[in-house]
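Here is a short report on one protein model, from a single helix pair out to the whole chain. How are two packed helices described? By the angle between their axes and the distance between the axes.

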Amino acid sequence: MLEIQELSKTYGKTLAVDQVSLFLPDGQVGILLGPNGAGKSTIIKSIAGLLRYKGRIRIQGIPAKQLEAKRIFAYVPEIPAMFEALTVREHIEYVKKAYGSAITDEEIEKILKRFELDDKQEKLGNELSKGMMQKVSICCALAIQPKVILLDEPMVGLDPKAIKELKDVVLELRNQGVTVLISTHMLEMVKELWDAVFVMDKGHIIGAYNKAEVGEKDLDSLFFEVTGGEES
């Protein structure tokens, strides 16, 4: 469960996010949708504890700033960053120990194989391409075995097979009761994944929809309906 109440964030005199509230229950995939600069990444980074903000954020009912909450959520940033001197496997082992994850070696091997990293476990962080770094970032997030996972433009830079695997993983997480929030401006990448969508523009949520309540309308129709038919 993810709950945001009256979240605001300013950068100097610029108001990036203004009084945003949203709720996403267990076992649902939410899409934070909007053009670049709408405030999506600011919300994601606020949830992840990377920014100071005004308002309230709760993970499974726990204030997001508390360690107990941080242990049960994972974050895949838009731009992955690796430790240059750690191998792929060492990145995952580091995350496993840091979060006290109960993931087994067999489960780690399975994740690495899904994203075609099983034969690249000894590669160092500074030897990885951007796409490979993105895959490692995803694997590290999954190794936490989180209750809430946040993905910021997660499919940018991935090859088609990795995109398919990530979509499958998102649906599997939903079936396991995990809350998934994906920030993106790429409608075609998430149109089969969503349970709820939050359309943002200029720091505000200008439309919020639940798939169960909108009938046959698809994501494209909802987006263009609320934005006046213009794609930013």
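This is a predicted model: local features need pLDDT of at least 70, side-chain atom pairs count only at pLDDT 80 or more; totals for chains, interfaces and linings use all residues.

Angles under 35 degrees count as roughly parallel. Helix H3 spans residues 88-99, and helix H5 spans residues 130-143. Their axes come within 9 Å and cross at roughly 30°. H3 and H5 are therefore roughly parallel to each other. The crossing of H3 and H5 is right-handed.

Which residues of H3 and H5 meet? H3 brings Val88, His91, Ile92 and Val95. H5 brings Val136, Cys139, Cys140 and Ala143. By class, the contact of H3 with H5 holds seven nonpolar residues and one polar residue.

| Helix | Residue range | Residues in the H3-H5 contact |
|---|---|---|
| H3 | residues 88-99 | Val88, His91, Ile92, Val95 |
| H5 | residues 130-143 | Val136, Cys139, Cys140, Ala143 |

Now the whole chain. The secondary structure of the protein chain comes to eight helices and ten strands. The radius of gyration of the protein chain is 17 Å, close to the 17 Å that the globule rule gives for 232 residues, so the chain is as compact as a globular protein of that length. Along the principal axes, its C-alpha atoms fill a box of roughly 50 × 35 × 30 Å.

Of the 232 residues in the protein chain, 49% are buried. Among contacts in the chain with a separation of 6 or more, 67% come from residues 24 or more positions apart.

Terms used: Residues are numbered from 1 along each chain as its sequence is written. Side-chain values use heavy atoms; hydrogens and water are left out. Axes are lines fitted to C-alpha atoms, for helices over the stretch in contact, and angles run from 0 to 180 degrees between N-to-C directions. Helices (H or I, at least four residues) and strands (E, at least two) are DSSP runs, numbered from the N terminus. Angles under 35 degrees count as roughly parallel, over 145 as roughly antiparallel, 65 to 115 as roughly perpendicular and the rest as oblique. A crossing is left-handed if the near helix is turned anticlockwise from the far one by less than a right angle, and right-handed if clockwise. Contact means heavy atoms within 4.5 Å. Ala, Val, Leu, Ile, Met, Phe, Trp, Tyr, Cys and Pro count as nonpolar, Asp, Glu, Lys and Arg as charged, and the others, Gly among them, as polar. The radius of gyration is taken over C-alpha atoms; the globule rule is 2.2 Å times the number of residues to the power 0.38. Buried means under 20% relative accessible area, exposed over 50%, partly exposed in between (1.4 Å probe, protein chains only).
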